[in-house]
Amino acid sequence: MQPVRHPDAPAPGELLGAHYGQCFGCGGDQPHGLHLEARAGEGVSLTAEFTVQPAHQGAPGLAHGGVLASALDETLGSLNWLLRTIAVTGRLETDFVRPVPVGTTLHLEAEVTAVAGRKIYSTATGRVGGPDGPVAVRADALFIEVKVDHFVDHGRQEEIQAAMSDPDQIRRTRAFEVNP
Ligand SMILES: CCCCCCCC/C=C\CCCCCCCC(=O)SCCNC(=O)CCNC(=O)[C@H](O)C(C)(C)COP(=O)(O)OP(=O)(O)OC[C@H]1O[C@@H](n2cnc3c(N)ncnc32)[C@H](O)[C@@H]1OP(=O)(O)O
């Protein structure tokens, strides 16, 4: 089935903001995190940027492949906000096309291609040198819709308790729970 953008999804161009301050991908409270910033696009698509820091190296001066996969995972995961669906990554298939040096800003774009029951199929590319630059990485993913219980049941109690007593986290989670 064609994906359907939720009527309350942020307008094209709007920043999505972090879903959790401690998130390695998008959180502002993780010193060595990616600090990835995503903006809503048209339909069920978005763009995002991430600048490779020295803490993200694998080989000297180059981004670690797992970190690049994390950037793709976070970008693809952010799409679920436009569907207003809570979902986790089931499968992430990544192509590393060009090496990505430290200091590079990766220009990411992603879209949901299909939804089938709880399964959400999506694809992303990361370009270097600008939004129209050459593709350095790309990924195809399958996200699976879950209930909030997925996190409450499996997350370490310390962080779950902290999240449940944080009004901001509750507000962000509620935005998903009103999913029709
Ligand atoms: C106040 C409280 C605070 C909480 C608030 C939280 C709100 C947070 C909001 C947003 C958070 C977003 C966070 C983003 C972070 C970036 C994204 C990540 O990195 S997520 C982490 C990595 N991923 C995992 O840790 C998943 C671990 N895996 C699992 O938990 C399960 O395997 C799960 C849920 C994915 C599926 O398990 P099943 O038992 O629910 O469902 P089954 O029946 O196995 O699968 C459903 C369908 O999907 C297919 N499927 C599942 N996994 C597949 C796979 N790997 N490959 C292909 N198909 C797969 C199956 O074949 C099935 O398909 P058929 O319906 O039969 O057609």
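Modeller: The discussion below goes from the whole chain to the sheet, and then to the ligand. Please keep in mind that this is a predicted model.

Biologist: How many helices and strands does the protein chain have, and in what pattern do they follow one another along the sequence?

Modeller: One begins with an inventory of the elements. The protein chain has 4 helices and 6 strands. Along the sequence their pattern is β-β-α-β-β-β-β-α-α-α. The radius of gyration is 16 Å, close to the 16 Å that the globule rule gives for 180 residues, so the protein chain is as compact as a globular protein of that length. Its C-alpha atoms fill a box of roughly 45 × 40 × 30 Å along the principal axes.

Biologist: In what order do the strands lie in the sheet, and is the pairing parallel or antiparallel?

Modeller: The order in a sheet is read from the pairing of strands. Here the 6 strands form an open sheet with antiparallel pairing, in the order E1-E2-E4-E5-E6-E3. The edges are strand E1 (37–40) and E3, each of which pairs on one side only. From one strand to the next, the twist averages 20°.

Biologist: Over how many bridges do strands E4 and E5 pair?

Modeller: A pair of strands is described by its sense and its bridges. Strand E4 (residues 105–116) and strand E5 (residues 119–128) are joined in the antiparallel sense over 10 bridges.

Biologist: Which residues come nearest to the ligand, and which element gives the most to the shell around it?

Modeller: Of the 24 residues around the ligand, Gly77, Val88, Gly90, Ile144 and Phe151 come nearest. E3 gives the most to the shell, with 4 residues. Elements that each supply at least two residues include helix H1 (65–83), strand E6 (135–145) and helix H2 (149–154).

Biologist: Which residues does the UniProt domain annotation cover?

Modeller: An annotation is read as a span placed on the model. The unreviewed UniProt entry gives "domain: Thioesterase" for residues 61–121. That span is 31% helix and 41% strand, and its end C-alpha atoms lie 33 Å apart.

Definitions and conventions:
Residues are numbered from 1 along each chain as its sequence is written. This is a predicted model: local features need pLDDT of at least 70, side-chain atom pairs count only at pLDDT 80 or more; totals for chains, interfaces and linings use all residues. A residue is near a molecule or strand if its C-beta atom, placed from the backbone, lies within 6 Å of it. Two strands pair if DSSP finds at least two bridges between them. Axes are lines fitted to C-alpha atoms, for helices over the stretch in contact, and angles run from 0 to 180 degrees between N-to-C directions. UniProt positions are given in the numbering used here, feature names are shortened, and annotations may be inferred rather than shown by experiment. The radius of gyration is taken over C-alpha atoms; the globule rule is 2.2 Å times the number of residues to the power 0.38.
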